[in-house]
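Morning, everyone. Please have a look at the model on the screen, and then I'll walk you through it.

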Amino acid sequence: MAKILVIDDNRDVCLLLKRFLSKNNFQVEVAYTGISGLELLKKTAFDIVLCDYRLPDRDGLEMIQSIKILRPTAEIIIITGYSDVKMAVNVMKRGAFEYVIKPILPNEILHTVQQALLKKEQVIAIDPKSTKKNSPPKKSKNKGLTYLEGTGVRAKQINKLIALVAPTDMTVVIEGESGTGKEVAAKRIHEASKRSKQGMIAVDCGALPKELAGSVLFGHLKGAFTGALADKIGHFEAADKGTLFLDEIGNLSYENQIKLLRVLQERKIQKIGDTKDKSIDVRVIVATNENLKEKVAKGEFREDLFYRLNEFNILLPSLRERNDDLENLCNFLLLKACDELDRPPIKLDKKVMVILKQYVWPGNIRELKNVLKRAALVCEGTAITVDHIPVEIQNPAINLAPTTAASNLTDLKSVVEEAEKKAILKALKLTGFNKSKTAALLKVDRKTLYNKIKAYDILLPA
Ligand SMILES: Nc1ncnc2c1ncn2[C@@H]1O[C@H](COP(=O)(O)OP(=O)(O)OP(=O)(O)O)[C@@H](O)[C@H]1O
């Protein structure tokens with residue numbers, strides 16, 4: 001029976017989740033503070049930790065760090081409010097499995113817990129102690145496509161690059177904001193390559209505790225260090241003849257960067273505690289949501305490793321840069337959500353589409369997927385309406401999420417429009433949505449403001 005730890009200072013939430021998850025055959029314990037949660041983790045090897053982002057004594061990022069040190073194999077699901085969604089994106093970078101938005105929907109949590117357990121099983125499958133060594137990942141009950149290639153301008157460019165590089169053995173660097181589909185792109189490259197019969201192993205370098213990274217990547221011999229109770233193969237060895245996907249490569253410690261460079265140059269690994277080398281045949285794909293060149297300039301990432309990795313580069317656009325694909329993505333993700341939730345397909349109301357198109361999606365496709373899954377959970381009818389969408393998305397002015405790198409935008413017109421829209425939303429928020437005051441603040445006449453509000457599809461509170 002899988003063990004779950006719920007950490008939340010809201011006792012009602014703990015009680016609700018404990019009852020609901022126990023009924024679904026999980027062993028559940030609860031803690032009301034970060035410290036007491038960590039104490040429980042020292043004693044028990046929980047499989048899943050459900051942790052509130054804002055605890056009285058710790059924040060979500062601190063919790064993830066501590067949990068990863070105490071129980072590196074536990075999957076962490078962060079519970080957060082919508083106003084924290086940008087931070088939720090950050091928690092994914094630090095190695096959380098997923099985030100769920102309040103108010104809590106028990107079925108959504110159950111579904112996320114099941115997905116996390118599935119991922120854990122796949123990781124256990126490469127453990128040498130497991131009889132399932134190198135067994136192929138479990139298929140979800142969903143037999144159809146797991147991603148949408150996309151038909152928009154930017155998506156087509158990416159499709160071309162993937163098709164071009166896939167048949168080669170080149171090392172690929174995939175860059176893009178969190179949730180833009182870097183892991184999906186890596187899988188697509190792997191699946192279209194000659195290595196597709198072997199597995200692709202994905203390692204989240206952001207979630208690897210510094211001290212364990214070497215052993216996890218390269219393996220160790222029994223007795224190599226305290227706690228090395230048996231020989232262990234690392235991910236490089238497990239991925240032999242296949243592909244190794246190193247996510248959040250920018251987080252690899254300097255020492256492990258040197259080791260990685262050596263492996264890439266010599267195609268040999270040495271387990272910790274071993275004196276012998278072992279040849280391996282692995283294609284490496286890495287991903288990052290940081291600017292690696294900047295990290296090189298700051299001395300945080302080795303220049304030689306950067307050039308060794310950067311044989312081919314793919315920069316994934318943010319979701320706001322591929323508005324032309326949003327509708328297709330919505331239809332695809334909604335269909336998948338209904339399938340996963342075992343409910344007949346539902347549609348998106350046209351008004352919802354307008355709202356989704358004007359939101360900036362800081363969490364990119366992951367955020368869109370979560371919003372649609374949640375909407376599919378709460379929708380009792382045959383179409384998702386505005387009421388099923390979080391208010392922060394219905395009216396972005398409430399939770400103004402700034403677009404990041406404007407330099408990523410495709411043309412000057414888009415940059416200007418994006419900046420204008422942002423300024424108008426900000427001014428509207430500042431003036432309590434008073435249009436005369438907003439026009440005065442922006443030093444334009446009311447008519448110009450009205451026209452811009454209309455042109456940018458800005459929704460005003462009723
Ligand atoms: N083209 C796509 N079609 C359908 N779903 C997608 C697509 N791209 C990404 N997704 C979904 O969006 C979510 C995020 O994708 P993925 O994990 O690949 O992003 P990422 O850029 O690697 O994120 P991170 O930087 O946080 O690791 C996943 O649930 C994935 O299934």
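**A helix pair and a ligand shell**

Start with helix α13 (residues 326-340) and helix α14 (residues 350-358): their axes come within 10 Å and cross at roughly 120°. Helices here are DSSP runs of H or I, at least four residues, and strands are runs of E, at least two, numbered from the N terminus. Axes are lines fitted to C-alpha atoms, for helices over the stretch in contact, with angles from 0 to 180 degrees between N-to-C directions.

A caution on the source. This is a predicted model: local features need pLDDT of at least 70, side-chain atom pairs count only at pLDDT 80 or more, and totals for chains, interfaces and linings use all residues. Numbering starts from 1 along each chain as its sequence is written.

Which residues meet? Leu326, Glu327 and Cys330 in α13 meet Met353, Leu356 and Lys357 in α14; contact means C-beta atoms, placed from the backbone, within 7 Å. That contact divides into four nonpolar, no polar and two charged residues. Nonpolar means Ala, Val, Leu, Ile, Met, Phe, Trp, Tyr, Cys and Pro; charged means Asp, Glu, Lys and Arg; the others, Gly among them, are polar.

Now the ligand. It is surrounded by 18 residues, the closest being Tyr147, Ser178, Gly181, Lys182 and Glu183. The criterion is a C-beta atom, placed from the backbone, within 6 Å. By class, the shell has six nonpolar, six polar and six charged residues. Helices α4 (85-93), α7 (182-191) and α15 (364-378) each supply at least two shell residues.

Last, residues 148-377: the chain there is 43% helix and 15% strand, with end C-alpha atoms 22 Å apart.

How values were computed. Two residues are in contact if their C-beta atoms, placed from the backbone, lie within 7 Å.
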